[in-house]
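Open the model in your viewer and follow the stops below.

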Amino acid sequence: MSLEVVSNLLPPIIMGFLLGGLYSVIGFGLSLVFGVMRMVNLAHGSFVIFGSYFAWVLLTTVGLDPLLSLVIILPISFGIGFGLQRSLLNRLYRLGVEPPLLTTYGIAIILASAYLLIFTPYSRGLVTSYSIRSAGFGALTFPLIFILDFIAALITMIFLYILLNKTYVGLAIRCATQDPQAAKLVGMNINHIYALTFGLAITFASLGGVFLGLTYPFIPASSFTYLIIAFGVVVVGGLGSMLGTFIGGIVLGLAQTLGYHFFGIGYQLFITYLVILVMLVIRPQGILGVKR
Amino acid sequence: MSKKIRATKFLLPLICLIALIILPLSGIPWYYFHVLFIFFTYLILAEMWNLLAGYCGLISLGQPAFIGLAGYMLAISLYYGLSLPLSLLVSYLTVVAFAIVISVPVFRLRGFYFVIGTWMIPEVIRLWFNNWRPTGEVLIGVGGGAGFRVFAGLTPQTLYYIALVAGFVTIVLKRYILTSKLGVGLMAIRDDERAAESCGINVLRCKFYVFVIAALLTGVAGTIFYLFQGHIEPTNAFSIYWTNIMLIAVILGGIGTEAGPIIGAAIVVILEQLLAAYGELSQIILGVLLIVIIVTMPRGILGTIYKVQIHKTLLKKLAATS
Amino acid sequence: MSERPLLKLDQVSVYYGDLCAVRDITLEVRKGEIVSLIGANGAGKSTILNTIMGLTHPKTGSIEFDGRRIERLETHDIIPLGLALVPEGRRIFPELSVLENLLAGSYTRRARQNKQQMLKRVFELFPILEERKNQLASTLSGGEQQMLAIGRALMTDPKMILFDEISLGLSPIITLKIYETIKKIRSEGVTVLLVEQNVRQSLAVADRAYVLKAGRIVLSGGTKDLRDEEEVRKAYFGA
């Protein structure tokens, strides 16, 4: 392989890696909810885009920089997740597996339709001074935003690791994942833990959405794109381990950027989806997952 | 069954059928036939989704794949000059073949993976059709859209009758399935899958048959709809809008009940017409309705009525014996 | 000195849907006692323990612990009052280490304050747990897991511990050792209610016992009186 070909591939590979970090953040949200509450949150992607649109509104109305707007968006997202779980989803678990699933589907439709109604199908993007800058040198240049994406992802993962392994709240979440009854018997308030977990998941989703909005343009239907990507991250990397989710994110990030590099913008998502489907067929438990 | 009940069981649907057949002769404005046309289309979709999710526990969010695929194969076949019956045949064969092929990996997925996995299928196909240009440059519409040839003889009335026949056939087919050996298996699976398996019912085979039949009839509904609409494009053909309709109709009417989809489809059609002026708001309202139904009446209208009936019967029996 | 009992059940009936699991259960456990609840499989023993702990709620009747009515409370509000359960099947957290399992036990605010003390106490009772403290709980043997489950319950700093079928699946030697530990726990001031199918073992260690049959209490008394196993056997099999 000539040096030129290799150096041509370097930018998309680096970008894919960096983007992958962000993808694993939205993957965490989905796998947390599934691990703790055994529930599939079909509205996850809609909440990712919630972060994007929220930041867009703040940017275009009061000129608030998206990074700064996180201070507002994240707590509100947490509150919404917490409240939604507490008020609505909690009473559905005893009805079986389908009701919570179908309810999140309903929420997904409501949000996606609301976005369509309020923001129209035209694509939006979070455009700031730094979101259009490039980084790197010579032939190795790529948009600066990808580095910011990765930094955000890194901070989030460190936060999650510390939370899960060094705090009592995290211990409670892990106990609730492994054996909710036994968790109750040591005095853990399961409803409270569920609400915290869901709030956390939605917070991760919006965080991802803000950074994704800085990286790529988005439309209401992007809700479903990011649901599938979050799902794909979990499928490729495997459920239940942070490292697995991180790897899953990297793989899909690479699939997207390399897909764009080789096949063009029309096919980048197609290639990404294809990778997910192939993984589903040959090894559904993921790279680091255990066969259940 | 007493003669009286037998009479009502067959007489009522028969009267409805005759009424629907002679309706076009009564001079009612076309608008109502349009609504009935949509009703039959939704009815087929709902019946099939009920078989999948209500009886087999397969919550497939990927049905739009078959709608879009059938629609597109129809458009392409017609474009290349095939006659209408032949084009329809091509569409249906494609859909069945696709369902058989895709069932292999799909049935290996469980729970979480099955739900989103099936959701992915129409998404992937849509992306493919966004880029694919099977009919060369002759395309109308945005990215991958295609227009149909306009047909002489395919009047609105003809379309109405086609939809009516398809809907009627679907109901008869469903009845036939449910009273056949497959149907007994399905009801056992619906009530308790593991118990059914241990009774010797080949659960996988039952699900497979239902999956393929549902794919076929969903495709039929798709072709009917696109014949009527006259043009097709990827975003609409594979949209979750179709899944919304099936889901809400079935949940509303009563998942796992026999007549639930009919009632559900009727309500959805009426609601859609009433809310048509409100655009996206109608989808929001449907979403809210879905959640409200799940929280208050998770068994749907018919499901709740049956439950109340069973309760009343039980109480009566208890009162009689004590 | 007629002190009120630490735990008192009065005419408790528990239903699963329309099915009656246990009916009109009246029993009491006084402070410092070891009381045994024996009965065949399906007699309702676990149901009673689960109901005391708030995992299910009785349809009728009252449960009083340390002077407070607890039958309507949720489990996470009952634990801080000083009740703990070592559940059937151990139910340790498989993907946590031994130490993490124990720390999970001191989740409640009250227990967290005495964490180090409690940990020391658990390691004294079960030195093998200290040896294996960084090992994954799922790699422990059956007997060690049982010890871990008991240790975790102790970490909640309880006034009273309920034991549900702890000898299940364990060798007689380990079972003996565990019963020795229960006596030791009692001598440290913790009251014990234990549920067992193994009649001989539980009668050997308990002060009093209740016999449960088909959801009802059919016999009760001091273990010396019940040691006449003929009576107990009769109650079991209705011969």
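Two residues are in contact if their C-beta atoms, placed from the backbone, lie within 7 Å. This is a predicted model: local features need pLDDT of at least 70, side-chain atom pairs count only at pLDDT 80 or more, and totals for chains, interfaces and linings use all residues. Residues are numbered from 1 along each chain as its sequence is written, while chains are lettered from A and ligands numbered from 1 in the order in which they are written.

**The A–B interface.** Select chains A and B. Of the two pairs of chains that touch, this pair has the most contacts. Here 30 residues of chain B are in contact with 30 residues of chain A. On the chain B side, α5 (111-131), α11 (240-253) and α13 (280-296) each supply at least two residues. α5(B) gives the most, with 12 residues. Helices are DSSP runs of H or I, at least four residues; strands are runs of E, at least two; both are numbered from the N terminus.

**Chain C.** No contact joins them. Their closest C-alpha atoms lie 13 Å apart.

Hide the rest. Chain B has 14 helices and two strands. Buried residues make up 42% of its 322 residues; buried means that 20 or more other C-beta atoms, placed from the backbone, lie within 10 Å of the residue's own.

**B:Leu164.** Select helix α6 (residues 156-179) of chain B and find B:Leu164 in it. Why is B:Leu164 buried? Because B:Leu164 has 20 C-beta neighbours inside 10 Å. Leaving aside neighbours within four places in sequence, B:Leu164 is in contact with B:Leu20 and B:Phe40.

Terms used: Buried ≥ 20, exposed ≤ 12 C-beta atoms within 10 Å, placed from the backbone.
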